[in-house]
Amino acid sequence: LIKAHLERPSYSRPHAQSRWYGAVMVEVRAELQGPGVYLAGEWVGCAISFSNHSGAEETIAWAGAQLHCQCCLREDVVRGDGGARPLKSPVTNTTFIPNRGERGHTLLSTPTTVLLCNLSLQPGETKSFMYNERVPSGGPPSFGGRLVRYSYKVAIGAQKPNCPAQIIRIPFRLMTIPESLCNAHSAPSPKDANPFLAAEEVKEDPCLELALQALAAETSRRTSMNYTLKSSHGVLGRISLFKPSYKLGEDITGTFDLALATVACLQFSVVLQCLEEVAKESLQPSASRNSVITHHARHTECCHNTCQTHFALPVPLSVTQSFQTSIVSVRWQLQFEFLVGRCPPSELLRPSPTASLSGDRAVLWRGLQPVAVDTMTWHLPLSVLPTLPTQAQHRTPPHTLTL
């Protein structure tokens, strides 16, 4: 008995209880409702449940939720308010600060929605709540660049009496439709009205519906764009694209016509590039660069003795659309690189000296071994627009929190 009494203080259960301010009592579970990808102006839904796993009654003092956009900058290149400094607050803080402990500064946020106050849970009881909030317009899309980052999150805070507040952050992706695109297609399409549908039953945002119509009209418009390429030695060929704007997930297709070329193109390559460029007003004085180029797709082809060929580059669903803010601009372009011979195409192939040219016998043609070439580079800007959220959906796993 004495030995058991002396060994009892070394048991690890009191240490675990002191870490969690008591046993595991209340579990908070939050899960986004929907594809996890939204357009600005759409509703974001989040199902939140509170479960009591203890053997006694538990009380939750309050719980609230909020949407916010966090901006994080690379301080050695970009200057801004808050930069990449963490927001510090005491551990015993009992207020709801959605961005507490995060890097950067909050760009925009919605008003805090109070979910509950003084909620009592009996042993084994679970109560669920639904949080719905419309994503405000006017902000940038989600972007994970190397110099600037924009991230959207649903922040859910809760607190038990005499305990610090705890926060769950659920990230989601946001895409925006440019305002200039909506203005260009401002005429609404004719639509039959249903006289049996009450006005309050219509939940669609008319501005969002108009923006979706403008997006569909812009990306479905077929306009052939032809570009004749010339070098110092003559005409290289003609590049043709079928439309100027592409949605995320689409293929950028084009043709390369060499029938009218006066100089030989031995090889060409085309690369889909994303340019992240910081505005001059936001640059640090000691910054050595203000832009970053990221490659996403490439097509390379040998085109000697070719009259016409084509290329296709897919736009990934995971990338960010074209947009511009006061700090950074994200643009897309195609970079063409041509390997051009300095002599005419007819001089690259000559009859072999050992071949016979008389009668009906075949003639052997042999290309030149050493060829003097030049490299020619050309950039073609493109417009990359968002796609429907259902096509770029990404399920976010449920997030849990212990009070």
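This is a predicted model: local features need pLDDT of at least 70, side-chain atom pairs count only at pLDDT 80 or more; totals for chains, interfaces and linings use all residues.
Numbering runs from 1 along each chain as its sequence is written, and side-chain values use heavy atoms, leaving out hydrogens and water.

So, the strands. They're DSSP runs of E, at least two residues, numbered from the N terminus. Strand β1, residues 26–33, pairs with β23 in the antiparallel sense over four bridges; pairing takes at least two DSSP bridges between the strands. Together they belong to an open, antiparallel sheet of four strands, ordered β7-β3-β1-β23. At the edges sit β7 (126–134) and β23 (399–402), each pairing on one side only.

Now the rings. How many aromatic pairs do we get? Twelve, where Phe, Tyr or Trp rings (six-membered ring for Trp) pair with centres within 6.5 Å; planes under 30 degrees apart are stacked, over 60 edge-to-face, the rest tilted.

Take tyrosine 38 and phenylalanine 172: centres 5.7 Å apart, planes at 85 degrees, so that's edge-to-face. Tyrosine 38 is in β2 (37–39) and phenylalanine 172 in β10 (166–175), so the pair ties together parts 134 residues apart in sequence. Both tyrosine 38 and phenylalanine 172 are buried, meaning under 20% relative accessible area with a 1.4 Å probe, protein chains only.

Last one: Tyr227, Phe256, Phe268, Phe311, Phe336, Phe338 and Trp378 make up one aromatic cluster. Within that list, phenylalanine 311 and phenylalanine 336 are both buried.

Notes: Buried means under 20% relative accessible area, exposed over 50%, partly exposed in between (1.4 Å probe, protein chains only).
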